[in-house]
Amino acid sequence: MINRSLKELGAALAEKRISSVELATLFVERIERLNPTLNAFITVDKGKTLAMAREADQRLASGLAGPLTGIPLAHKDIFCTEGWLTTCGSKMLSNFVSPYDAHVVSRMKLAGLVTLGKTNMDEFAMGSSNETSFYGPVKNPWDTARVPGGSSGGAAAAIAARLAPAATGTDTGGSIRQPAALCGLTGLKPTYGVVSRYGMIAFASSLDQGGPMAKSAEDCAYLLSAMAGFDPRDSTSLDRPNEDYGRDLEKPLAGLTIGLPREFFGTGMAADVRSAVDAALAEYRKQGAVTVEVSLPNSGLSVPAYYVIAPAEASSNLSRFDGVRYGYRAPEYADLSDMYCKTRAQGFGAEVKRRILIGTYVLSHGYYDAYYLQAQKIRRLIANDFVEAFRHCDIIMGPTAPSTAFAVGAKSDDPVAMYLSDIYTIAVNLAGLPGMSIPCGFGEGNLPVGLQLIGNYFEEARMLNVAHRYQLATNWHKRMPENL
Amino acid sequence: MPLNLDQVERLARLSRIEISAADSGETRDQLNGVFALIEQLQAADTRGILPMAHAVELAQRLREDIVTESDRREAYQAVAPEIENGLYLVPKVME
């Protein structure tokens with residue numbers, strides 16, 4: 001049951017071969033057994049989970065169920081979840097029980113999905129290894145001496161270890177795609193504006209986007225169809241008709257043109273990643289796709305541009321954590337200003353503080369034009385590169401991450417080295433395009449490799465189709481770590 | 001443009017984050033590492049390019065000027081560090 005697709009689980013529930021309570025119990029017991037090793041979950045609440053499962057069983061019995069009703073799902077701890085501790089991986093919110101649901105959470109409830117718990121993450125989604133969490137690092141189930149990636153590292157580890165069939169994630173610079181790659185999963189970051197940011201704790205608002213993480217493209221299509229949709233409470237939510245993102249899954253790929261950015265196939269990619277990606281491209285050619293070289297000449301500037309824009313937005317967004325309305329407050333202080341300074345010094349971890357300081361600097365008088373505006377201009381150059389590239393191809397492919405999962409501690413003392421692990425994913429966020437990572441093989445040490453798919457704006461259904469056809473011909477996405 | 005310790009202290013003050021004297025040296029060094037990365041932006045020719053503030057170009061949506069929020073003060077204040085009579089308490093700012 002733990003390896004079943006969402007479609008298979010839905011069918012098993014509909015045909016009464018298993019109840020939602022039984023299914024939830026199965027995963028809760030796996031969490032109880034394996035979470036002490038993996039640290040993938042910050043919060044589990046068996047009582048709440050089983051209550052939701054009982055409701056789902058009633059819905060199933062009454063004939064009012066949808067395709068996902070009764071299936072368990074884990075939420076990244078960045079999503080406000082009414083009545084559940086919602087920490088965002090930070091001491092700052094270590095006592096915050098959310099009084100409301102994020103739009104994504106209420107959509108998933110509406111679909112009848114059962115919340116299994118809240119997954120670990122880099123603090124305020126700032127990290128690429130899940131090592132900045134106040135709740136400690138998450139271990140990669142493929143090799144527990146290695147990181148699962150981040151920031152949605154807990155979600156990725158949970159699915160890889162089959163502690164959850166699927167999870168929600170968020171992606172500001174690669175936080176869905178990079179952990180999906182490092183843990184051997186399928187993850188999708190939608191076009192900016194497709195999934196509401198309401199109740200998703202803000203990091204960099206012009207880049208943040210929620211999306212699904214699961215074992216396959218087919219699973220992600222189901223989840224995205226449930227998750228996406230207009231929400232007037234998010235001023236950047238796009239008012240578009242609802243889509244069935246699985247509508248084109250089976251379409252043959254003959255005639256598909258795949259663009260390969262020459263900048264993504266340079267020296268930065270590890271040899272084992274390269275050979276897995278090359279083999280995946282060969283499979284696509286076998287299925288009738290053609291590959292053409294394209295160029296994203298400004299993509300080399302995406303990491304530095306991101307480390308101006310994202311911290312600038314973060315420094316503004318995180319000013320709300322002041323010890324007054326919610327969250328942590330320092331126990332001792334001299335006056336109001338001292339209360340703010342001590343609360344934020346004690347409540348935030350080192351990486352979050354670093355990014356707030358960077359953001360404050362690049363927005364400050366005398367530096368705004370040189371850094372912030374310059375970064376925004378480069379953002380446009382990067383977005384324009386993609387517009388040009390998509391004149392020559394239907395979809396872009398390349399590696400998701402430059403290497404397979406790295407060792408715990410390998411980059412935690414070197415922020416810049418850590419930032420460069422998102423070198424292939426960040427440009428997609430700056431442009432606002434949809435992107436995916438799908439498993440495409442294994443590198444040295446039996447560690448998963450991810451293939452990145454980048455679609456044109458609103459081409460999620462096409463991207464899922466391209467991913468699904470590959471998954472029909474390969475079984476990388478069905479592998480699971482041994483000894484679990 | 002490497003930062004010095006005075007600038008780190010000023011940034012900490014602007015950010016309302018206390019940084020102890022013992023930590024300010026390491027903070028400075030790590031920030032300078034990031035600024036060296038950011039410095040690459042200066043070499044790019046962006047003459048005539050409009051800044052891109054957002055991933056998708058959209059105008060701010062307007063809505064009718066009517067009340068849409070319900071009063072959930074108690075639920076929201078239940079998570080506050082300190083309240084009294086429905087008000088948030090902060091340390092005294094005036095004697």
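**Charged pairs up close**

Author: Start with A:Arg233, which is partly exposed, at a relative accessible area of 44%. Partly exposed is the range between buried, under 20% relative accessible area, and exposed, over 50% (1.4 Å probe, protein chains only). The model is predicted: local features need pLDDT of at least 70, side-chain atom pairs count only at pLDDT 80 or more, totals for chains, interfaces and linings use all residues, and side-chain values use heavy atoms, without hydrogens or water. Residues are numbered from 1 along each chain as its sequence is written, while chains are lettered from A and ligands numbered from 1 in the order in which they are written.

The partner of A:Arg233 is A:Asp231, and their side chains form a salt bridge at 3.1 Å, N to O. A salt bridge here is a side-chain nitrogen of Lys or Arg within 4 Å of a carboxyl oxygen of Asp or Glu. A:Asp231 is buried, with a relative accessible area of 2%.

Now take A:Glu351 and A:Arg354. Their salt bridge spans 2.5 Å, N to O. Both residues are buried. They sit 3 residues apart in helix α11 (residues 350–362) of chain A, so about one helical turn separates them. Helices are DSSP runs (H or I, at least four residues), strands likewise (E, at least two), and they are numbered from the N terminus.

A third pair reaches across the sequence. A:Asp394 and A:Arg462 form a salt bridge, with their closest N and O atoms 3.6 Å apart. A:Asp394 lies in the loop between α12 (368–389) and β9 (395–399) of chain A, and A:Arg462 in helix α15 (residues 460–473) of chain A, so the pair ties together parts 68 residues apart in sequence. A:Asp394 is partly exposed, at 24% relative accessible area. A:Arg462 is partly exposed too, at 31%.

Some bridges link up. A:Arg240, A:Glu243, A:Arg247, A:Asp248 and A:Lys251 are joined into one network by salt bridges that share partners. Over all chains, the structure has 28 salt bridges.

What about disulfides? The count over all chains is 0. A disulfide is counted when two cysteine sulfur atoms lie within 2.5 Å. Take A:Cys393, where the closest cysteine sulfur, in A:Cys440, is 18 Å away, too far for a bond. A:Cys393 is buried, with a relative accessible area of 6%.
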